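Please consult the sequence and the model shown here.

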Amino acid sequence: MFCCRTIASKIYRLVILGLLVLVTSGCVSSNGPLANVQANEAAPAINYEMIGIPLLYHGFGSSVPITRDLSLTAAHVAKLNWANVVAYHPHCDIAIVKANNSKAVLPDLGLVYTNENVTTYGKDGTGNLLKGEGKYRLDLTFTNHSYFKNCQASVTDAPVREGMSGGGTFNSRGELVGIISAMASSNTRLANGEKLPYDRLSLFVSLNQVRGWLNQEVSKHYDTQAVVLNWNPSTQGQLANNAQ
């Protein structure tokens with residue numbers, strides 16, 4: 001009986017994963033040129049998240065270590081690997097998951113400013129680390145997109161592709177500023193009909209937007225009132241002003 005339930009659970013997860021690929025624009029294809037990160041190249045720690053049959057159903061994603069045993073990923077990635085989930089944000093496509101990060105170099109968390117250079121990092125289906133380069137452009141609300149109906153999307157023109165959902169967006173100082181979520185069509189227009197003048201629209205959840213939730217859930221996990229995460233000290237005041 002237990003075996004049957006286990007098999008049924010796995011089939012259910014794969015069916016849901018297949019539907020997700022069909023009905024969302026998540027990171028299901030590349031929207032621009034990406035580079036393989038070489039072994040001798042300085043890069044942040046990014047984990048590979050396998051959530052199904054990787055090469056058949058895009059059953060993989062990425063995550064970013066933030067403590068010795070916690071990582072951040074996209075909520076739509078975490079929901080297909082729920083055994084490791086610590087917390088989901090109530091509105092944004094971001095989640096905290098358990099991970100063994102004992103050997104990882106943990107990033108500082110920080111801010112990003114309009115037109116600042118950013119780099120996107122995530123894994124491909126075979127576990128290679130990829131990166132895309134561009135600029136952070138603006139924040140938008142996509143009322144017709146379930147990931148961002150009640151959560152602002154931060155837009156960059158740095159490329160992303162399948163597998164990079166849950167990976168990180170890093171600012172020019174190497175600080176983690178957001179978690180990669182999805183892609184929007186380059187034909188996306190503002191409410192007034194204006195077309196955005198960017199080659200591509202890669203979407204991430206800004207850590208600035210979810211800072212209060214993130215601090216609370218991580219502190220709860222470690223049963224402490226102290227702030228566990230390493231936020232850039234120079235941005236504490238600015239981050240707190242906009243935290244949710």
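The model is predicted: local features need pLDDT of at least 70, side-chain atom pairs count only at pLDDT 80 or more, and totals for chains, interfaces and linings use all residues. Residues are numbered from 1 along each chain as its sequence is written, and side-chain values use heavy atoms, with hydrogens and water left out.

**Disulfide**

- A search of the whole structure finds 1 disulfide, a term for a pair of cysteine sulfur atoms within 2.5 Å.
- The bond joins C92 to C151, with an S to S distance of 2.0 Å.
- C92 lies in the loop between β5 (85-88) and β6 (95-98) and C151 in the loop between β8 (129-140) and β9 (153-156), so the pair ties together parts that are 59 residues apart in sequence.
- Strands (E, at least two residues) are DSSP runs, numbered from the N terminus.
- The torsion about the S-S bond of C92 and C151 is about 100 degrees, so this disulfide is right-handed.
- Both C92 and C151 are buried, meaning under 20% relative accessible area (1.4 Å probe, protein chains only).

**Strand β11 and its partners**

- Strand β11 (residues 176-184) has 9 of its 9 residues buried, so it is largely enclosed by the rest of the structure.
- Strand β10 (residues 168-171) runs antiparallel to β11 and is joined to it by 3 bridges; two strands pair if DSSP finds at least two bridges between them.
- T169 has G178 of β11 as its bridge partner.
- The hairpin of β10 and β11 has 4 residues between the strands, and G174 there takes a positive phi near 80 degrees.
- Strand β12 (residues 201-206) also runs antiparallel to β11, with 6 bridges joining the two.
- The bridge partner of G178 in β12 is S206.

How values were computed: Buried < 20%, exposed > 50% of the residue type's maximum accessible area, 1.4 Å probe, protein only.
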